[in-house]
Amino acid sequence: MSNQAANNSENNNVTLVLFHNDLRVADNATLLKASKISINGKLLLVYASSLTDILDDKDHYDAYRYDSIGQARQQFLHESLADLNASLIQRGNRLLYLQKGDEALNVFTQLSNLIAQQQVTDICISQTADYNQNKVYDLLQAKYPEIQWHIQTTATLFDELPLEHLPKSFTQFRKQIEADYDLLHAKKDIATYPTPESLSPMPKAMLNRSEYFFAAQVFDKQVQQQSNFKGGESSGLKHLDAYFDSDAPSTYKTTRNALDDWTHSTKFSAWLANGSLSVNTILNRLRRYERDIIANDSTYWIWFELLWREYFYWYAVTHQEKLFWFKGIGQHAPLTQLDKNLLAQWKNGTTSYPIVNACMNQLRTTGYMSNRGRQLVASCFIHELGLDWRYGAAYFEQHLVDHDVGSNWGNWQYLAGVGADPRGCRQFNLDKQTQQYDPNGEFIRQWQGNTQKSD
Ligand SMILES: Cc1cc2nc3c(=O)[nH]c(=O)nc-3n(C[C@H](O)[C@H](O)[C@H](O)COP(=O)(O)OP(=O)(O)OC[C@H]3O[C@@H](n4cnc5c(N)ncnc54)[C@H](O)[C@@H]3O)c2cc1C
């Protein structure tokens, strides 16, 4: 083939990036790959919300799923997309946004139409542990077998499970990882991917399809004021710097269990969950802190918690749809059930447990709850109220700004005794925990936990 012919054939390439939980331009192997294969071709950069609505029976998941995501989570996502869009515009392209409209076309059909109309030749995605998202990718692959798929890792420390099998417990996992791949203390920093300086343009025919262009949305002011989390890679990187420029990492282990203080834990989770921050970037920053400032139990514990995240990612990949089963990965279903009244009390913060009410009010208002709070409200849900854990997990999924499929459903299974906990299940004594973590009742007062059910 002559050079001219080679160039012509390259000009027909239309590459589509389907963003999911990789909403950043730095250290993004998927975007980098797309920028390389679309040189001399065209590039479509797409975020498709509610893509999984196409699946009718999300493997028994339909009964307890919600219709729309909570305000705080929605706002965080929108801010993240707005920031990504700005970065893409700087690089010569922009974000296309597919969403459920008033008219009937579902998002899967919209995406299929776009692929067909623009004669997409290549699709780039990031590997995900999200079972339902993967089912949608399977459907697309079956529908367009001629398209070449390029799958990169962007969410985890390891490109694939670095062990032969996923150990049954986190402790075994951590010990094996630390023995074989001690990334915290390795000589060299973790390699990260360069940010593409420029991107190929979108196909000409798309330039006047402004209905697809991402447009920032205005949100409820009250929600905005309540939340410290601002979505997007730029604010994530700012937060990362602010955290490691402070003394907080050096005391993390002693403060991480607090119920309500911005600096008492890292607050990286929301940016990590939708991929506006890469875990490798965080780990390199932690390594730098250990080198330049101090390495102690607290800095080690940040790595320890990042390993929990890694564990639940590979847990979700390993157990697939079992993540949503009532009996989890075990043999026996718990002796709990759905009671709509109790469920409503838990959601609305009107149970007879002030600490639980306060945490739930905080979640509904801000989209965040501390790890201690999550353990307490989940324990109450399962052990005091006797409810089916999946409804609790689904409610968390709806509201948490940091919702992550592996971490959320995996932690709920763990607490319900149907997951990766060698001890069976975890029940917390709520009175004792209140004494320990809110001895003066400040947290309960702040989040109005004393408003109980009126019967
Ligand atoms: C019932 C339940 C549901 C949860 N759902 C989620 C979820 O949807 N998304 C999520 O990111 N975390 C979830 N967690 C884990 C944990 O509560 C949050 O990661 C943490 O509170 C986020 O705050 P942080 O970033 O300040 O955490 P830090 O304490 O600063 O921890 C640093 C990072 O380590 C990871 N991490 C910490 N604890 C855990 C853990 N137990 N499991 C997995 N990763 C962890 C997170 O990425 C976190 O950002 C859940 C925990 C429970 C008990």
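Asn-28 caps the N-terminal end of helix α2, with a side-chain oxygen 3.0 Å from the backbone nitrogen of Thr-30. This is a predicted model.

- Helix α2 covers residues 29-37.
- Its buried residues are Ala-29, Thr-30, Leu-31, Leu-32, Ala-34 and Ser-35.

**Thr-15 in strand β1**
- Thr-15 sits in strand β1, which spans residues 14-19.
- Thr-15 counts as buried because its relative accessibility is 0%, and the cut-off for buried is under 20%.
- Leaving out residues up to four places away in sequence, Thr-15 touches Ala-34, Ile-37, Ser-38, Lys-42, Leu-43, Leu-44, Thr-121, Asp-122 and Cys-124.

**His-150 in strand β5**
- His-150 belongs to strand β5, residues 148-152.
- His-150 is buried, with a relative accessible area of 11%.
- The side chain of His-150 makes a polar contact with the side chain of Asp-122, at 2.8 Å.
- Beyond its neighbours within four places in sequence, His-150 is in contact with Lys-33, Ile-37, Asp-122, Ile-123, Cys-124 and Ile-125.
- Gln-398 lies 248 residues from His-150 along the chain, and their C-alpha atoms are separated by 30 Å.

**Helix α8**
- Helix α8 (residues 233-244) has 12 residues.
- From first C-alpha to last, α8 reaches 16 Å, close to the 16 Å expected at 1.5 Å a residue.
- Glu-233, Ser-235, Gly-236, His-239, Leu-240, Tyr-243 and Phe-244 are buried in α8.
- Seen down the axis of α8, the buried residues fall within an arc of 165 degrees, so they line one face of the helix.
- They pack against α3 (71-90), α9 (252-255), α10 (269-273), α11 (279-292) and α12 (297-319).

**Helix α17**
- Helix α17 also has its span given: 12 residues reach 16 Å from first C-alpha to last, close to the 16 Å expected at 1.5 Å a residue.
- In α17, 11 of the 12 residues are buried, so the helix is largely enclosed by the rest of the structure.
- Among the buried residues are Trp-409, Trp-412 and Tyr-414.
- The cover over the buried residues of α17 includes α12, α13 (340-348), α15 and α16 (389-399).
- Gly-417 follows α17, and its phi is positive, near 80 degrees.

**The ligand and its shell**
- There are 26 residues around the ligand, and Tyr-252, Ser-265, Thr-266, Lys-267 and Asn-371 come nearest.
- A backbone N or O atom of Lys-267 lies 2.7 Å from an oxygen atom of the ligand.
- A polar backbone atom of Ser-269 is 3.1 Å from a ligand oxygen atom.
- Asn-371 takes part through its side chain, where an N or O atom is 2.8 Å from an oxygen atom of the ligand.
- On its own, the ligand has 820 Å² of accessible area, and the protein covers 97% of it.
- The elements giving two or more residues to the shell are α10, α12, α15 (371-384) and α17 (405-416).

Definitions and conventions:
Residues are numbered from 1 along each chain as its sequence is written. This is a predicted model: local features need pLDDT of at least 70, side-chain atom pairs count only at pLDDT 80 or more; totals for chains, interfaces and linings use all residues. Side-chain values use heavy atoms; hydrogens and water are left out. Helices (H or I, at least four residues) and strands (E, at least two) are DSSP runs, numbered from the N terminus. Buried means under 20% relative accessible area, exposed over 50%, partly exposed in between (1.4 Å probe, protein chains only). Contact means heavy atoms within 4.5 Å. The expected span of a helix is 1.5 Å times one less than its number of residues. The arc is that of the directions from the helix axis to the C-beta atoms. A residue is near a molecule or strand if one of its heavy atoms lies within 4 Å of it. A polar contact is a pair of N or O atoms within 3.5 Å; within protein, one must be able to donate a hydrogen and the other to accept it, and residues adjacent in sequence count only if both atoms are side-chain atoms. Accessible areas come from the Shrake-Rupley method with a 1.4 Å probe; for residues, only the protein chains shown count as cover.
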